[in-house]
Amino acid sequence: MSSKVSILGLKLPSDPRWVDLAAISLEEVLTDHAFCEQKAATSCISLIQRYPDRSKLVEELAPIVTEEWGHFRQVLAEMKKRGFTLGKQRKDEYVNELISFQVKGGSPADVLLDRLLIFALIEARSCERFRLLSEGLDDAYLREFYRKFMISEAGHYRLFIDLANEYLPEEKVKERWAEWLEFEAGMIATLKVRGDRMH
């Protein structure tokens, strides 16, 4: 297993064919990336709206909203520069499968934990995919473009884990995170490898 994958906690690296497929579907993968950034911003807003009494969460996520929306605009600008147009938002199989694993009917603490960990997991997998693009694309500009996104996503992944540890017992976070990682690895193994999707 790649040490870079294990640093993020992920149990299964992405199929190496993914970056090659993405390279020949740049307009589609950039469209999907743009919507991923948009959804990241709105997800942080939703967390703030749901947990306004969690001061640290509000303070830490408020700037992330701005950052993620800035990323959305950066991807749009890159698409425009290349003569691409933003396509339609597509169903996100990866995220929908993750949502299916969230605790149902649990305590408010359990619900908060899963919300934070699902975001941590999405950021971790995005970081890994951005690393693949930063190393595997022929386009030197896009390699650097995605290296910057990779660094940003790694910080976001860590932030969501830190917030989970802020509000819940560390042992509980560690135990549930291990369950999420196992579930995600099994899911990645069964999802079709598609170059027109970030996940």
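Predicted model: local features only at pLDDT ≥ 70, side-chain atom pairs only at ≥ 80, totals over all residues.

Student: Okay, rings to start with. How many aromatic pairs does the structure hold?

Tutor: A pair of aromatic rings is described by the distance of the centres and the angle of the planes. For a pair to count, the centres have to lie within 6.5 Å. In this structure, the number of aromatic pairs is 12.

Student: Let's zoom in on one. Is the pair of phenylalanine 101 and tryptophan 180 stacked or edge-to-face?

Tutor: Look at the planes: over 60 degrees apart counts as edge-to-face. The ring centres of phenylalanine 101 and tryptophan 180 are 4.9 Å apart and the planes stand at 85 degrees, so this pair is edge-to-face.

Student: What about charges? Which ring does the charged end of arginine 129 sit over?

Tutor: Let's start with another example: the charged end of arginine 54 sits over the ring of tyrosine 167, 4.9 Å from its centre. For arginine 129, the charged end is 4.7 Å from the centre of the ring below, and that ring belongs to tryptophan 18.

Student: On to helices. Are H4 and H7 roughly parallel or roughly antiparallel?

Tutor: The axes of helix H4 (residues 55-81) and helix H7 (residues 140-167) come within 11 Å and cross at roughly 160 degrees. Angles over 145 degrees count as roughly antiparallel. The crossing of H4 and H7 is left-handed, and their directions are therefore roughly antiparallel.

Student: How many nonpolar residues does the contact of H4 with H7 have?

Tutor: Sort the contact by class. There are five polar and eight charged residues. The count of nonpolar residues is 12.

Student: How do H3 and H7 run: roughly parallel or roughly antiparallel?

Tutor: Helix H3 (residues 26-50) also passes H7 in a left-handed crossing. Their axes come within 14 Å and cross at roughly 25 degrees. Angles under 35 degrees count as roughly parallel, so H3 and H7 are roughly parallel.

Student: Now single residues. Is cysteine 127 buried or exposed?

Tutor: Cysteine 127 lies in helix H6. Its C-alpha is 7.3 Å from that of isoleucine 151, a residue 24 positions away in sequence. The C-alpha of glutamate 153, 26 residues away along the chain, is separated from that of cysteine 127 by 5.2 Å. With 6% relative accessibility, cysteine 127 counts as buried.

Student: What relative accessible area does isoleucine 151 have?

Tutor: Isoleucine 151 has its place in helix H7. This residue counts as partly exposed, and its relative accessible area is 48%.

Student: One last thing: how far apart in space are cysteine 36 and aspartate 92?

Tutor: Cysteine 36 lies in helix H3 and counts as buried at 16% relative accessibility. Along the sequence, cysteine 36 and aspartate 92 are 56 residues apart. In space, C-alpha to C-alpha, the distance is 9.2 Å.

How values were computed: Residues numbered from 1 in each chain as written. Heavy atoms only, no water. Phe/Tyr/Trp six-rings, centres within 6.5 Å; stacked < 30°, edge-to-face > 60°. Lys NZ or Arg CZ within 6 Å of the ring centre and 35° of its normal. Axes fitted to C-alpha atoms, helices over the stretch in contact; angles between N-to-C directions. Helix = DSSP H or I, 4+ residues; strand = E, 2+ residues; numbered from the N terminus. Parallel < 35°, antiparallel > 145°, perpendicular 65-115°, else oblique. Left-handed = near helix turned anticlockwise from the far one by under 90°. Nonpolar A, V, L, I, M, F, W, Y, C, P; charged D, E, K, R; others polar. Buried < 20%, exposed > 50% of the residue type's maximum accessible area, 1.4 Å probe, protein only.
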